[in-house]
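Here are some notes to read with the model open beside you. Take the points in order and find each part on screen as you go.

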Amino acid sequence: MFRTLAKAVAAVAVVCTVAGAGLVLNEEFGKDDGKHTAADAGPSFTGTKKIRVDGHSVNVSCSGDSDADRPLVLLMAGGGEGLDNMASLQKVLSRTNRVCSYDRLGEGRSDKPEAGTPQHVNDAAVLLTGVLDQLAGDRPVVLAGHSLGGNIAARYTPDHTDRVKGLVLLDATIPHLTRDMKATVPADATGASAQVRDGAIAANEGQNPEQFVIADGPVHPAGDIPVEILRHESQYSIVPEHETALEKMWADGQQEWLELSTDSKVTMAEGTGHYIHTDSPDVAVKTVQDVTARAAKAE
């Protein structure tokens, strides 16, 4: 997570770079060995390469050789982070699944968005569709997203149920974060509370590495696909005067994601902060595996 107080807690909402910095890609996933070209990034591609999507260079990593009829698992990192942050999760999951991850524009080794041009959810959807077209082909997909990556996955899925057959949200940014943050921490707050409030709102307005505007909005249904929502146990102790209210805000927001599917569930991952996949990797792995198995069975 970010090292300053404001960024540290705003990271819970949107961007979170430093907490996962100790996670680096195993050479199998992170090293560009020069043996493949962008055209090789398809069903059997293994390694980390650049592909062209909608005129942009996008960094992707794929591993695992599961049956082509089984879903592809696509990992989506939080804001302010690249695919490196998901490397450990990818390594374990790829023992039994085909798993890929990618850097959104402004993150990792992908192109940066044009300066002064905000990105919105539709832009993220175009990029994600292009990535899946090349990496998944006709294979069904399970999206597993952390923080902002989870929010994007949740917004994307209802319009793409022909392709997305399962969803895992790892402490996803909540659906109405700006509204709820303003209601939870008063505008006249001072000190750490003010930093948390103002930092989160600014990040939601596009002051983040992706220039991504995280707009509040209702949750749209995605039918009956399996959706597992993991939320953290404790994250806001750094602002004790509003800790209880902020934790309730976050927990209530996670409940809103239940509207994604008639087959959805929220689970608190005990002993975790915002980085559930690093604080409790076994829980994250099991959850993704369970959803993938259910999605495969539904096919």
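1. Start with the crossing of H6 and H8, which is right-handed. This is a predicted model. H6 covers residues 177-184 and H8 covers residues 243-256. The two helices pack at an angle of about 155°. Their axes lie 10 Å apart.

2. How do H6 and H8 run relative to each other? Angles over 145 degrees count as roughly antiparallel. H6 and H8 are therefore roughly antiparallel.

3. Now look at the side of H6 that faces H8. Leu177, Arg179, Asp180, Met181 and Thr184 come from H6. They meet Ala245, Leu246, Met249, Trp250 and Glu256 of H8. By class, the contact of H6 with H8 has 6 nonpolar, 1 polar and 3 charged residues.

4. H6 has another partner, helix H7, residues 191-204. The axes of H6 and H7 come within 10 Å and cross at roughly 165°. That angle makes H6 roughly antiparallel to H7. The crossing of H6 and H7 is left-handed. Compare that with H6 and H8, where the crossing is right-handed.

5. Which residues make the contact between H6 and H7? H6 gives Leu177, Thr178, Met181 and Lys182. H7 gives Val196, Arg197, Ala200, Ile201 and Asn204. The contact of H6 with H7 divides into 5 nonpolar, 2 polar and 2 charged residues.

6. Turn to the pockets. The largest pocket has a volume of about 350 Å³. Its lining counts 21 residues. Val121, Asn122, Arg155, Tyr156 and His220 lie nearest the centre of this pocket. Two helices give two or more residues to the lining: H4 (121-135) and H5 (148-156). H5 supplies the largest share, 4 residues.

7. What classes of residue line the largest pocket? There are 12 nonpolar, 6 polar and 3 charged residues.

8. The second largest pocket holds about 210 Å³ of space. Among the residues lining this pocket are Asp54, His56, Leu105, Pro113 and Glu114. By class, the second largest pocket is lined by 5 nonpolar, 3 polar and 3 charged residues.

Methods. Residues are numbered from 1 along each chain as its sequence is written. This is a predicted model: local features need pLDDT of at least 70, side-chain atom pairs count only at pLDDT 80 or more; totals for chains, interfaces and linings use all residues. Side-chain values use heavy atoms; hydrogens and water are left out. On a 1 Å grid over the protein atoms alone, a cavity is a set of points where a 1.4 Å probe fits but cannot get out, and a pocket is an open set with protein on both sides within 12 Å along at least five of seven lines; lining residues have an atom within 4 Å of a point. Grid points are joined across faces, edges and corners, and a volume is the space filled by probe spheres set on the points. Ala, Val, Leu, Ile, Met, Phe, Trp, Tyr, Cys and Pro count as nonpolar, Asp, Glu, Lys and Arg as charged, and the others, Gly among them, as polar. Axes are lines fitted to C-alpha atoms, for helices over the stretch in contact, and angles run from 0 to 180 degrees between N-to-C directions. Angles under 35 degrees count as roughly parallel, over 145 as roughly antiparallel, 65 to 115 as roughly perpendicular and the rest as oblique. A crossing is left-handed if the near helix is turned anticlockwise from the far one by less than a right angle, and right-handed if clockwise. Contact means heavy atoms within 4.5 Å.
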